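Try each task on your own before you read the solution.

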Amino acid sequence: MNHRNRDDPQFFHVWALPWETVPGPSFLHGIETRIMSDRPETGAGTYMVKMPAGWSHVEQADEGALEIFVVEGDLTANGRTVGAGGYAAVPKGCGPLELSTQGGFQAYAFWNPIWAEGYYYDNQPYVAKVWEIDWILTEMPGLRHGIMHKSLRWPDPAEGLFHGGPGGMLRFIQMAPGFGEPRQEVHYDTWEEMVWLAGDLLMAERGMHAAGSFLANPAGLKHGPLLTAKGSLLMLHCEAPMGAQFSELTNDEGEEVGTELVRAFHDGESWLKPPVHVDWDQRPEQPIYPSTTPLYAVPDEHA
């Protein structure tokens, strides 16, 4: 079993992980699962799951909150059936709730025993088709224009220096085609994870993200720049309200290289080839910023 601790930087392709059966919350018992991240001290985890045709489960919701995003197939929850792009949430303390599928489904599942009880979803089961949810322009001091989001975990405060509720946020994120942030960003308040649904995104030290790519940044880890040619659609998940600070990307000689990286990427990226998951050391931009290992870089005032 391959635990992927949330305190460690991560970059891998979820669909390349082996399916396995794992211990954990009851909805996973006997189910083919891919572990995306976990926090052993609390039992929280993020998984890709494959539910067979005819599967059913009564979620008691007495030990944690369960949130499911369907990427293929059908799911019925709280009497409503959703397909690909469907979403269901069972807040801690609001069960029992029957979950079932007729033809089977694959999904990303988020399990959280440490939950702000009574805060999210009016403490009731929530089922939605994500395509029906409105886009919101994402605004935060210092954040470049060109990002929108849909809040899957609500209420989701989205103004000022910090976004998200007391237990963090779960959002659909859309970066516009041609978006280019030459700086690095850092979140001191929370770990974050992202799983890609479509499009492309290049990040120094990690590589090219495509559908199925997974990225995790512990609190205090500088990461970036963030560059997309065709646009990028992803899910972002964190455990606490999130702020962001930005700084220039510099090489070992102290020279700013973020702008050069943006130019090399956008001028050189083909529009004839679909994006694929590629590590940083295999990208043509790598010589501009040769580092291949993300390192913690916490200023003294945050140490």
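**Exercise 1. Find the volume of the second largest pocket and sort its lining by residue class.**

Step 1. In this predicted model, the second largest pocket has a volume of about 190 Å³.

Step 2. Now look at the residues around it. Among those lining this pocket are Met-208, Gly-268, Lys-273, Pro-274, Arg-283 and Glu-285.

Step 3. Sorting the lining of the second largest pocket gives 6 nonpolar, 2 polar and 4 charged residues.

**Exercise 2. How many cavities of 30 Å³ or more does the whole structure hold, and what lines them?**

Step 1. The search turns up 2 cavities of 30 Å³ or more.

Step 2. By class, the lining of the largest cavity holds 18 nonpolar, 4 polar and 4 charged residues.

Step 3. The lining of the second largest cavity divides into 7 nonpolar, 2 polar and 1 charged.

**Exercise 3. Trace the order of the open sheet of 7 strands, then look at how E14 sits in it.**

Step 1. Strands in a sheet pair through backbone hydrogen bonds, in a parallel or an antiparallel way.

Step 2. Here the order is E1-E20-E17-E22-E14-E13-E12, and the pairing is antiparallel. The edge strands, E1 (10–13) and E12 (136–137), each pair on one side only.

Step 3. Check the two neighbours of E14. E13 (residues 147–151) is joined to E14 by 5 bridges, with Lys-150 opposite Phe-172 in E14. E22 pairs with E14 over 6 bridges, and Leu-170 has His-237 in E22 as its bridge partner.

Step 4. Is E14 enclosed or open? Since 5 of its 6 residues are buried, E14 is largely enclosed by the rest of the structure.

Step 5. Elsewhere in the sheet, E17 and E20 (residues 213–217) pair over 4 antiparallel bridges, and Glu-193 stands opposite Ala-216 in E20.

**Exercise 4. Describe how Tyr-126 pairs with Tyr-121 and with Trp-154.**

Step 1. To describe two aromatic rings, give the distance of their centres and the angle of their planes.

Step 2. The structure contains 12 aromatic pairs. One of them is Tyr-121 with Tyr-126, which is stacked, at 5.4 Å centre to centre and 15° between the planes.

Step 3. Tyr-126 and Trp-154 are edge-to-face, with 5.4 Å between centres and 85° between the planes. Because Tyr-126 lies in strand E11 and Trp-154 in the loop between E13 and E14, this pair ties together parts that are 28 residues apart in sequence.

Step 4. Compare the surroundings. Tyr-121 is buried, with a relative accessible area of 1%, whereas Trp-154 is partly exposed, at 26%.

Step 5. Tyr-121, Tyr-126 and Trp-154 belong to one aromatic cluster, which also includes Tyr-87, Trp-115, Tyr-119 and Tyr-120.

Conventions
Residues numbered from 1 in each chain as written. Predicted model: local features only at pLDDT ≥ 70, side-chain atom pairs only at ≥ 80, totals over all residues. Heavy atoms only, no water. 1 Å grid on protein atoms, 1.4 Å probe; cavity = no way out; pocket = protein on both sides within 12 Å on 5 of 7 lines; lining within 4 Å. Points joined across faces, edges and corners; volume = space filled by probe spheres on them. Nonpolar A, V, L, I, M, F, W, Y, C, P; charged D, E, K, R; others polar. Buried < 20%, exposed > 50% of the residue type's maximum accessible area, 1.4 Å probe, protein only. Pairing = 2+ DSSP bridges. Phe/Tyr/Trp six-rings, centres within 6.5 Å; stacked < 30°, edge-to-face > 60°.
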